[in-house]
Amino acid sequence: MSKGLTFTAKTLSTIFSPLFIPTYGIALALMTTTLYYVEAPVKWRVVLTVLGITAMLPLIAIAFLYKRGLVSDAGLNNRRERPIPYALSLLCYIGAISYLWSVHSPLWLVMFLAGGAAGLLLVFIINFWWKVSAHGAGMGGLVGMLIAIIAGSLNVWPVVGITMVVIVLCGMVGTSRLILERHTLLQVTAGVAIGFCAVFFPVHYLA
């Protein structure tokens with residue numbers, strides 16, 4: 001396999017790490033829906049807070065676990081080493097959900113993170129028996145949120161184009177996991193399906 005292809009796959013896997021998906025989703029919601037009219041400083045505060053809780057805190061925790069030898073790979077590619085980091089990520093999701101609730105975010109936006117947490121919980125449980133792609137679940141959840149926004153007519157700007165781009169990126173990220181031999185096609189597909197369903201239905205029906 002060419003070095004360029006491997007580098008591209010690693011880059012996509014890093015940029016679209018499951019840890020960053022909540023932030024991407026919140027940012028897209030704030031830019032494309034009726035939340036667009038919220039004052040810019042408020043939107044920035046929400047995005048940065050979600051980034052800190054759902055990405056930075058887990059990254060610090062994973063780095064600590066890696067330093068202590070509790071995980072052998074910062075990418076958590078060993079299925080048996082995933083339970084503790086996943087449990088910590090779930091706690092961070094709960095913290096972010098509580099934050100969105102405290103700042104009076106719309107229920108459908110809160111359910112985006114709640115659905116993401118539910119998807120992560122399913123992946124966490126299944127992980128004890130079978131390795132599911134967390135990258136797939138994250139990207140599936142992002143697609144689910146955008147389609148729910150369209151279905152609920154929540155957007156103030158056209159988002160079909162953005163949704164198509166995200167769907168293509170979902171395929172690219174899934175392919176990257178295959179190229180890097182981190183997952184099988186079935187594991188990636190299962191992750192995407194779990195993430196999509198966990199986010200789309202609660203967001204759509206509460207929009």
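Predicted model: local features only at pLDDT ≥ 70, side-chain atom pairs only at ≥ 80, totals over all residues.
If we set aside residues up to four places away in sequence, Ser105 touches Leu100 and Val110.

Is His104 buried or exposed? His104 has a relative accessibility of 70%, so it counts as exposed. The backbone of His104 deserves a look too: its phi is near 60°, a positive value in a residue other than glycine.

A further positive phi turns up at Ser153, where the angle is near 55°, again in a residue other than glycine. You will find Ser153 in the loop between α6 (134–151) and α7. With a relative accessibility of 59%, Ser153 counts as exposed, because that lies over the 50% cut-off.

Now let us turn to the way helices pack. Two packed helices are described by the angle between their axes and the distance between the axes. Start with helix α3, residues 40–67, and helix α4, residues 83–102: their axes are 10 Å apart and they pack at an angle of about 160°. The two helices are therefore roughly antiparallel to each other. Their crossing is right-handed. On the α3 side, the contact is made by Arg45, Val46, Thr49, Val50, Ile53, Thr54, Leu57, Pro58, Ala61, Ile62 and Leu65. On the α4 side, the residues include Ile84, Pro85, Leu88, Cys92 and Tyr99. Sorted by class, this contact of α3 with α4 has 15 nonpolar, four polar and one charged residues.

Leu57 is found in helix α3, and its relative accessibility of 46% is why it counts as partly exposed. Which residues does Leu57 touch, once its neighbours within four places in sequence are left aside? They are Gly52 and Cys92. Leu57 and Leu88 are 31 residues apart along the chain, and their C-alpha atoms are separated by 8.9 Å.

The next pair to follow is α6 and α7. Their axes come within 9 Å and cross at roughly 170°, and the two helices are therefore roughly antiparallel to each other. The crossing of α6 and α7 is left-handed. From α6, the contact draws on His135, Met139, Gly140, Leu142, Val143, Leu146, Ile147 and Ile150. From α7 come Val160, Ile162, Thr163, Val166, Ile167, Leu169, Cys170, Val173 and Arg177. These residues divide into 13 nonpolar, three polar and one charged.

Helix α7 also packs with α8, at an angle of about 145° and with the axes 9 Å apart. Here the crossing is right-handed. Cys170, Gly174, Arg177 and Leu178 of α7 make this contact with Leu185, Val188 and Val192 of α8. By class, there are five nonpolar, one polar and one charged residues.

Between these two helices, α7 (160–179) and α8 (185–206), runs a loop that holds His183. What is the relative accessible area of His183? The value is 7%, so His183 is buried. Its side chain joins that of Gln187 in a polar contact of 3.4 Å. Residues up to four places away in sequence aside, His183 touches Arg82, Lys131, Val132, Ser133, Arg177, Leu178 and Val188. Among them, Arg177, Leu178 and Val188 also take part in the contact of α7 with α8.

Our last stop is Thr184, which is also in the loop between α7 and α8. Thr184 has a relative accessibility of 41% and therefore counts as partly exposed, whereas His183 is buried. How far apart in space are Thr184 and Lys43, C-alpha to C-alpha? The distance is 38 Å, and the two residues are 141 residues apart in sequence.

Technical notes. Residues numbered from 1 in each chain as written. Heavy atoms only, no water. Helix = DSSP H or I, 4+ residues; strand = E, 2+ residues; numbered from the N terminus. Buried < 20%, exposed > 50% of the residue type's maximum accessible area, 1.4 Å probe, protein only. Polar contact = N/O pair within 3.5 Å; in protein donor to acceptor, adjacent residues only side chain to side chain. Contact = heavy atoms within 4.5 Å. Axes fitted to C-alpha atoms, helices over the stretch in contact; angles between N-to-C directions. Parallel < 35°, antiparallel > 145°, perpendicular 65-115°, else oblique. Left-handed = near helix turned anticlockwise from the far one by under 90°. Nonpolar A, V, L, I, M, F, W, Y, C, P; charged D, E, K, R; others polar.
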